[in-house]
Amino acid sequence: MSLNKFSQSSSSSSSSSSIRDKKVFAKLKLNLSGDYPRKNAELLSAQYGINLLLAGVALILAIAHRDSSVEEKDLLSFTTGLMILQLIWMLWYILVRRSQRNTRTERDVNATTCWIRGGLTLLAILSLIMDALKIGYYVGYRLCLSASHVVYPVIHAIHTVAQVNFLWFHIKDVIKSFETFERFGVIHAVFTNLLLWCNGVMSETEHFMNNHVRRTLELEFKNITEGELEPEPELQCNCTTSTCALFSQSFTYLFPFNIEYHIFVSVLLFVMWKNIGRTIDVSSNRKSLVTKTQGLILGPILGLLALVSTIGILVVYITRLEGPREVHQSAISMFYIYGIVMLVVMCSAGALGLLIYRANHMPLDASKNPSRQLDTELLFGSALGSWFLSWCSIVSVLSSNSDPPHRWTNLIYSLLIVLEKYVQNLFIIESLYRRQESVERADPELPTNTEVSSVTASLPPLNGIDNLAYESPGGGSGPTENEQEENGQENGQVYGSQRKQSNVPLPVDSHVAESSNMKRLILKNIAVLLLLCNVSLWILPAFGCRPQYDNGLEEETFGFSTWTNVLNFVIPLNLFYRMHSVASLFEVFRRV
């Protein structure tokens with residue numbers, strides 16, 4: 001009898017386990033069949049883009065070695081070909097979209113905002129001015145330059161205009177047709193812009209290094225050998241116009257804007273690439289509320305004061321850096337003292353914002369948002385460069401045998417850089433992941449009532465789900481807020497028998513509402529202050545205020561070649577971090 005029971009129980013357990021295994025296998029097969037083509041296409045297109053970038057970087061490194069057989073015209077021809085391919089793909093995409101104008105297109109409203117596209121348009125206009133100046137410069141030297149030097153800025157200008165148009169009208173599209181082909185097209189655009197960014201960084205670095213070498217030779221630093229300093233090559237012919245020198249001096253000041261333009265376009269196109277084939281979450285695909293600026297006083301005042309003082313520091317630093325050694329060192333000391341004050345203010349503001357968030361127990365928004373996830377990853381990734389630079393400076397200060405006037409201010413400044421980025425990253429990410437409150441509480445400028453009506457409702461059944469991510473054929477993006485309110489009123493009339501509204505007022509603590517509004521006002525001021533401070537800290541290195549090249553401590557510890565290579569890699573990341581922080585902080589200001 002017991003044997004019978006054992007055999008029955010064993011057979012039942014084996015059958016249940018086999019059924020469970022079949023269910024797991026069926027579920028795994030379903031997931032693989034649904035996700036494998038998409039993942040495979042992502043992997044293939046990503047590998048294509050990475051190899052495209054690596055090929056371009058190999059050309060850039062070969063050109064950096066001046067005795068190489070690879071010339072600049074080879075790189076310009078390569079990048080020109082990539083831009084032409086991207087232009088063909090964008091034209092094809094627009095024509096396909098126009099042929100499908102009667103079908104609805106899903107849109108990700110979180111992919112970008114109007115103010116980001118407006119800022120990119122401004123950067124694109126400055127890039128077009130740089131292209132015009134380059135055309136004038138290369139035409140003057142057409143007798144000793146290849147045709148690629150003139151063709152490149154012309155194609156780049158056409159590429160810039162077409163790309164800005166694409167960003168304005170199609171960057172929010174969620175592509176669900178020709179997915180594999182479109183992945184290759186979008187990733188080609190991403191890495192083409194990354195390669196153009198690398199090329200711009202190389203050109204800007206070469207221009208800055210020439211000035212740095214000239215200053216170094218004038219100051220006669222003994223720790224630099226002649227072999228480490230290479231003179232700037234000169235063209236072997238004369239300019240046929242009288243404006244070549246003016247063009248050359250002018251377009252070098254526009255390098256920072258062109259660099260930021262291409263890196264931001266890469267970020268936006270990467271978000272579009274991640275959205276291909278994605279199913280949009282309707283609940284999270286809603287436009288954020290636009291907040292007002294009433295009550296903003298202290299943050300803008302302090303931020304504008306920092307901005308004005310930054311411009312003054314920049315002018316004084318550049319002019320005094322050309323002077324004798326004592327004046328040279330005083331300029332570096334002045335920069336570090338200014339930076340210490342700025343970083344202390346930013347650390348204090350960020351810490352205050354984090355304390356306010358800790359006191360307010362709002363839940364975090366865990367919905368899937370590729371744009372927000374990418375913002376977080378870029379903040380941490382670009383901060384690594386500054387952290388590495390700071391720790392190199394700390395090591396050099398503590399181990400150096402020399403004792404210049406700016407030695408210990410350099411140490412304090414480097415430590416504060418590490419702390420400031422740590423605090424600011426936490427503040428931005430905390431703000432972006434905070435769930436937005438309801439409409440009644442989202443805007444501190446809205447009037448606060450001392451009593452509200454209690455509504456007990458039996459909600460009407462939904463006959464369908466309105467996907468706000470769909471775009472109407474006429475270009476609309478789903479029902480507006482006014483339409484939603486009208487629908488709500490209509491629903492209230494239709495289902496009036498199911499919905500009962502009580503006239504019994506429930507008191508609301510006015511002190512709680514005032515405290516919440518005050519917290520939001522403080523957070524807004526903090527966001528504006530940090531935004532303007534990051535603009536200030538972007539302006540200084542972007543336009544030539546880089547004491548890491550000029551103070552001599554790091555060169556003494558690491559050597560001239562090693563240290564300049566580190567700076568040439570790290571400073572572009574630092575510039576991107578500051579500009580990306582500006583964009584993120586503006587989004588924080590809108591969400592508060």
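K172 sits in the loop between α4 (148-170) and α5 (179-219). Helices and strands here are DSSP runs numbered from the N terminus (helices H or I, at least four residues; strands E, at least two). The model is predicted, so local features need pLDDT of at least 70 and side-chain atom pairs count only at pLDDT 80 or more, while totals for chains, interfaces and linings use all residues. Residues are numbered from 1 along each chain as its sequence is written, and side-chain values use heavy atoms, with hydrogens and water left out.

**K172**
- K172 has a relative accessible area of 10% and is therefore buried. Buried means under 20% relative accessible area, exposed means over 50%, and partly exposed lies in between (1.4 Å probe, protein chains only).
- Setting aside neighbours within four places in sequence, K172 is in contact with E106, R107, D108, V109, A111, T112 and R117. Contact means heavy atoms within 4.5 Å.

**Helices α8 and α9**
- Helix α8 covers residues 298-321, and helix α9 covers residues 325-359.
- The two pack at an angle of about 165 degrees, with axes 8 Å apart. That angle makes α8 roughly antiparallel to α9.
- Axes are lines fitted to C-alpha atoms, for helices over the stretch in contact; angles run from 0 to 180 degrees between N-to-C directions.
- Angles under 35 degrees count as roughly parallel, over 145 as roughly antiparallel, 65 to 115 as roughly perpendicular, and the rest as oblique.
- From α8, the contact is made by A306, S309, T310, I313, V316, Y317, R320 and L321.
- From α9, the contact is made by V327, H328, S330, A331, I332, M334, F335, Y338 and M342.
- By class, this contact has twelve nonpolar, four polar and one charged residues. Nonpolar covers Ala, Val, Leu, Ile, Met, Phe, Trp, Tyr, Cys and Pro; charged covers Asp, Glu, Lys and Arg; the others, Gly among them, are polar.

**L531**
- L531 lies in helix α14 (residues 510-542).
- Its relative accessibility is 15%, so L531 counts as buried.
- L531 and L585 are 54 residues apart in sequence, yet 5.8 Å apart in space, C-alpha to C-alpha.

**Whole chain**
- The chain has 17 helices and four strands.
- Of its 592 residues, 46% are buried.
- Among contacts with a separation of 6 or more, 90% join residues 24 or more positions apart.
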